[in-house]
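Let's take a walk through a protein chain together. Keep the picture open beside you as you read, and look things up as we go.

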Amino acid sequence: MPRVFWLPILLFVAALGYSGYWFHLAGQSGKTVDALAEAARADGLAVSYTVAGTGGYPYRLTTELRRPSVGRPGATPPWSASAEAVRVVAQPWDLRRYIAIADGETRLAFAPRPDTPGVTVTASTARASMALDRAFDVTGGLFVTSLLVMDPAEGIYDMPRIGIEFERALDQFVSLVE
């Protein structure tokens, strides 16, 4: 057979192999989210969400969570966070970098002290990016627009945009959150 005949066959096999890889990762993404949520529950967090599905073939993996919420109601101070929907995006060839985009209103609520009314922070858009290195050190950022802080004791603060960058070992970052 002529060499030209083999080129389309090799391209077809490569496309078929990549498609199989992509669909395998897409099937694993919901299981990974469930495993992370179960680990968070074991640590005492209240977690709820619905996985709407994974799409983005062939260039990215986009897993959408509907009505996600996380909180620690028994903590001092108690807190909770929720959003209408969150999309988590990764490139199939670089599974150490993630982008999370909150669609719709995102809300964080906490009571600074047990004897004070709760503070509510809402944002119209929120976007976080994170990269893990081989030692699972994390770098990234959080960018929020239309941030509204409602504190019954202090009043209402409106910030058009805020950005936070972080670089931390993941175990140190988790201990800061608790």
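Predicted model: local features only at pLDDT ≥ 70, side-chain atom pairs only at ≥ 80, totals over all residues.

A residue counts as buried when its relative accessible area is under 20%.

Let's start with the overall layout. The chain has two helices and eight strands, and from the N terminus on they run α-β-β-β-β-β-β-β-β-α. Among contacts between residues at least 6 apart in sequence, 43% join residues at least 24 apart.

Now for the inside. In soluble globular proteins, nonpolar side chains tend to be buried together. Here the largest nonpolar core has 10 residues, among them Ala83, Val86, Val119, Val121, Leu147 and Val149. Strand S3 (79–91), S5 and strand S7 (137–151) each give two or more residues to this core. There's also a second, separate core of seven residues, including Val33, Ala40, Leu45 and Tyr49.

Zoom in on strand S5, which spans residues 119–123 and holds Thr122. Is Thr122 buried or exposed? Its relative accessible area is 7%, so Thr122 is buried. Leaving aside neighbours within four places in sequence, Thr122 is in contact with residues including Glu105, Arg107, Ser146 and Leu148.

Phe5, Trp6, Ile9, Leu10, Phe12, Val13 and Leu16 make a nonpolar surface patch of about 720 Å². You'll find Val13 in helix H1, residues 3–42.

Definitions and conventions. Residues numbered from 1 in each chain as written. Heavy atoms only, no water. Helix = DSSP H or I, 4+ residues; strand = E, 2+ residues; numbered from the N terminus. Buried < 20%, exposed > 50% of the residue type's maximum accessible area, 1.4 Å probe, protein only. Contact = heavy atoms within 4.5 Å. Patch = residues over 30% accessible without salt bridge, like charges linked within 9 Å, V, L, I, M, F, W, Y side chains within 5 Å. Areas by Shrake-Rupley, 256 points an atom, 1.4 Å probe, with all protein chains shown as cover. Salt bridge = Lys/Arg side-chain N within 4 Å of Asp/Glu carboxyl O. Core = buried A, V, L, I, M, F, W, Y, C linked by side-chain atoms within 4.5 Å.
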